Amino acid sequence: MGDIMLKTENLGISFGGLKAAQNVNITIHNKELYGLIGPNGAGKTTIFNLLTGVYQPTEGKFFLDGEDLTGKTQEAINRKGIARTFQNIRLFNNMTVISNVMVGLHNLPEYKCSPFASMLRLPAHFAAEKKMRDRAKELLDIFGLKEDRNTLACNLPYGKQRKLEIARAMATNPKLLLLDEPAAGMNPHETEELMNTIRFVRDNFDMTILLIEHDMKLVAGICEKVTVLNFGQELAQGNTAEVLSDPRVITAYIGEDE
Amino acid sequence: MITLIDGLSLGSIYALIALGYTMVYGIAKMLNFAHGDVIMVGAYAIVITLSYTASPAVAIIAAVILCTILGVAIEKIAYKPLRGASPLAVLITAIGVSYFLQGIAQLVFGSQPRPVSAVWRQLPKIPLLNDLGITTAAAVTLVCGVIIMVALNLFIKCTKTGRAMLAVSEDRGAAVLMGINVNRIITVTFAIGSALAAFAGMFYLFQIPNAEPTLGAMPGITAFTAAVIGGIGSIPGAMVGGILLGVVEKLCLASPLSSYTVAIKFSLLIVILLVKPTGLLGKITREKV
Amino acid sequence: MKNFKLKHFINYAIVSALLIFGVVMFLTGNLRPSTAQLFAQMGYGIILAVSLNLVVGFLGELSLGHAGFMCVGAYIGGLFAVVLKQSGLDMKLPVLIISMLVGGLFAALFGFIIGLPSLRLKGDYLAIVTLAFGEIVRNIFMNQKVFGGAKGLTTGTLIYDTRKSPTLFIVVFIVAILMLILVQNLVKSKHGRAITAIRDNEIAAKAMGINVTFYKLFVFVVAAFFAGCAGVIYAHTTTPVLYSFFSYNYSIEILVMVVLGGMGSITGSIISAVFITAMNFVLQSQLSGDLASLKNVVYAVILIIVVVFGNAPALKSFRERYNISAFFERFRKQDASKRRDDEAKWARVPSKIKMDALLSTDMAPDSDESIHGDIGADNDKGGNK
Amino acid sequence: MKKILALVLVAVMMLATFASCGESAATNYAANNTEYFIGGTGPLTGDASSYGISVQNGAKLAVEKINANGGLNGVNFKFDIKDDQATADKASSAYDQLFEAGMQISFGSVTSGSCEAFAAKAANDNLFFMTPSASAEICIAESNAFRVCFGDPDQGVLAAEELVANFQNIGAIYDESDTYSSGIFEAFDAKMKELNATYTVKTFNAENKLDFSTQVEALKDCDVIFLPIYYTEAGLIAKVAVAKGCDAVLFGCDGFDGIAGQIDETVTNQIKYITPFDVNSTDANVAEFVAAYETAYGVKPDQFAADGYDVVMAIYEAMKAAGVNDVTIDPDTLCEKVKAAITADSFVFTGVTGTMTWDLSGAATKEPVIIELNK
């Protein structure tokens, strides 16, 4: 396993004439907590969509752990080890909390069992189900959701829904975790808790994490490095503290916020 | 050539029906399965009126009024209580309304096809066109179809109600916040859609001079297909889809493959949708009503 | 876990109860042939409704072409059975079983074909494609001389004589039970979870690495297989197998069963399949002669009333007070909070069928904002919050 | 729990096997009848409903007439028609319902597809039926099945002979989704080949049976268009022909009866058809029927109504000839008696659709007449 977990080379996409992102070069090292910031419409979520195969890049490439994943489907990229959460929560609303996590476990080889084995209730089915349920409980326990496991996902409070999304993404056993505005809509207390959770995930799962966030307190608090995007292009890159004090970045933000 | 003209005139009937589907779909977000049966009622209204008076104008007015009232009544009784419920539940009541109208029509008018009085079919001759083999009915249908489509477009773009309809179709929630009375708009939509159905019934009788209780079913489903081909929710799309289907149907019937007309017609739909998943003109969603 | 199982068994219990009821009547000599035929019709109604529910309720795709699969099964399975009989295999049960497998497999093949567009199309667009498929199938079979052309496929030699040995319904109910076992096992497994995940949020399911292509095709194939089996059974109850029966009207009747019973509720599908079949039967027998034209009106009124009462938002409190599922709840030792969740699950409608989903989005995003908007709007499909 | 279920399943499976071996005796449901029960099915709703309703009206008229005249030896007739929507499965379950309600004798089904299903059931019970209008040969394949209408092939052959003798440029339009229409056409086609005659053919089907402009356009220059179809579509074709300026003779079969109500003075084409029934006939019997029908229903009868009327009258005459005098007679016994009576050489029935006799094949032998519609 190399030291570099994710590397993008001149990654970019254009819709018709509009370049939503161009020449994005990000290098994330193993176990790094990396922030992707920028004003609204800067193309941050587009980068996430490129990295997870929702969109196919029109230029450039990206590598996970040295492997070129450009042009792969969403499913394939997930199986290669990139998992994500969504800006506007996308849980499986009509399923219970534990089922949500078990969907995340679906593809792992240790829980393999063919649909026919399930339909005929062969022993393979029971073995896989039991292992999956146990693993899901473990994960829920870690994220403090064990008590809610039989609740429908849509009935969870907002903060817990965010947590569940992270837990579900973790269930796919990724190498790189992409968090899209995890603190959106949270109060300071919940944000604090979330920062702890993210740190916890990184430390206990040896996870590399890339996150989009508007809450500078959170970014400054946990990210080691950041990239600033503006109009689809990199504006600045480097250690968090340095970048955040960069005048260009401040202009971009304040100019935008007016 | 003649086949093409026949196709165009059949297609413009489909297009008119499809317009009704598309309008209601765009604004009320529901598949009004009973639309074909409103056409049937319109056709009967014309046939019955003409058996008492010889004036086609009176018959048309009667049909339009009756269909409009019927459309609004259906909306109030069967669809309005379900606003906010699953669209599929509404679909089922729409099917129920369709059965109901067919059943009532059979009870009232019997199941024997009622031929429309000869007055209806004695259209003035148009010298040049008729020589070319284009029947007056076909010409009238085509021209009126285009006029109605243009009028509808103008109505939506240039009147307050029309713009409100556009707003409701874009985002019902936001429209409510803007102070638009969504219920009223939906009622208006049904009224217009049903009036269109009356016109469709009228053109239908030009070409197929019989009214029967199940008259609306097959044209209805074909027109719905047409609306989808054109991109459901799009007014020009409905027009294009309808005419395309009409022409294809006629060309198939004239070809040696006539036995497979239905299969070819529907295969065309599948192919078009696979190439353009939102129909021919479905992309310009901003245009939708 | 315990309550899950009880829920399973309610379904088996309903079908078994019908079966046992029928068998007891038969053994005591009280079974009227018409009732035996009604039972058989209920049996394949259940098979059709539950298999369609797999597509509509669990996968969340609207299908209006289910009768098309039944048509394939009825024609191909029926012809196969007739040929089997002619070639000397004169045992009813084996012929039925073999032809059912053949018809089911062919229907499954068609299910695979119709599943392909579902990978590209959504909502109403897919619905109309399935409808088109049903009509195409019908049109093609009508023109094949092998299948009798317009005269239909004569399956007289297969018919179970309901007067001398009214036993077909027993086989049909057993097939229905077997199907229920398979379908419920599928639904209550990791694969079922993957399928419901696709329904609830396709993008998230993809992001979780779920092979959406495989599961969509798989569901269509399984549903088509069972519909094909139902078709073969139909060919064993009715001669001739006539293309006109399998029109979109019949597909819609199956859909009505699913929607009335509640999408995603297998128990509901079973109950409403039985209810609708029985209603048709009663209307046919009671409203004969001059009254027949009232049939459609009565059917329509019942349909509208049931749907409006069952779904109107204004009548919600009324429904909660007189709820059938609340009746069953009493047998399930659950605490109150869980029960509420469960009701929420019943009332909820699969998100993807929200018809406005496609209208509110542009397929080709033209700015970064609309890329956000695109995904966001997709999420609104699940917007029953 | 699972084990119990499995046990139940196995038990039921065994029962099923047992059951399929055993035969329970058919019960005589007619034992409590106080009137002779004539039953049958027809499309009373849906696309084909006009045919079913005509048969129902005609048959009811006949029953009323019989009952008014004192029934059969003082015992009245009871009549019931159930809706089959022209589908086989509904016809088959309607048969059971009727049989259990005590039906002793029947007019089968109105349309061929339904009648095939009906016949399959009736054969098991050996219940006598005579269909008014199901002309497909398979409907009368069994010995208990009879009909009053012409068979499809007969009309096709007759039409081919007639057309080849009188016309040069022959066209044909038929409904390939309809048993009646394609049945006649197949025979017509075969006969035409046999006669070495050429013709042009166009088709339509249930999904597009409303707009005939394409078909008529293609056959515009023919001297005659053969239309083995029903009068509704024929009326539409006639009107399209007028609009298209096509003056071919329209030549139809017995399905043309009723076309008079579908066309008006604008239609100038000559219309001819093979029929045993002429609504304008001066025959006293027919005139009486037409008058009665018009009084009762407000419209002129079509061929279906006439066939429905004749079926009931023929059944009545046959029962009288067979000397049936037990109102609770079971269908099987009744069938044998009526069959014997109706196929006897002495049995000649004169109805509104002509004078006819029957043999064991079940087909009626009667003289076809080609009539011309005078507008």
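**Exercise 1. Determine how many residues of domain 1 of chain D are in contact with domain 2 of chain D, and describe them by class.**

Solution. Step 1: chain D is divided into domain 1 (30–150 + 282–367) and domain 2 (152–275), with bounds from an automatic or database domain assignment. Step 2: two residues are in contact if their C-beta atoms, placed from the backbone, lie within 7 Å. By this criterion, 10 residues of domain 1 of chain D are in contact with 12 residues of domain 2 of chain D. Step 3: the domain 1 side divides into 4 nonpolar, 4 polar and 2 charged residues. Here Ala, Val, Leu, Ile, Met, Phe, Trp, Tyr, Cys and Pro count as nonpolar, Asp, Glu, Lys and Arg as charged, and the others, Gly among them, as polar. Step 4: the centres of the two domains, taken over C-alpha atoms, are separated by 29 Å.

The model is predicted: local features need pLDDT of at least 70 and side-chain atom pairs count only at pLDDT 80 or more, while totals for chains, interfaces and linings use all residues. Residues are numbered from 1 along each chain as its sequence is written, and chains are lettered from A and ligands numbered from 1 in the order in which they are written.

**Exercise 2. Find which helix of chain B gives the most to the side that touches chain C.**

Solution. Step 1: the contact takes 45 residues from chain B and 42 residues from chain C. Step 2: on the chain B side, α4 (87–109), α11 (217–230) and α13 (261–275) each supply at least two residues; helices (H or I, at least four residues) and strands (E, at least two) are DSSP runs, numbered from the N terminus. Step 3: α4(B) gives the most, with 15 residues. Step 4: by class, this side has 27 nonpolar, 14 polar and 4 charged residues.
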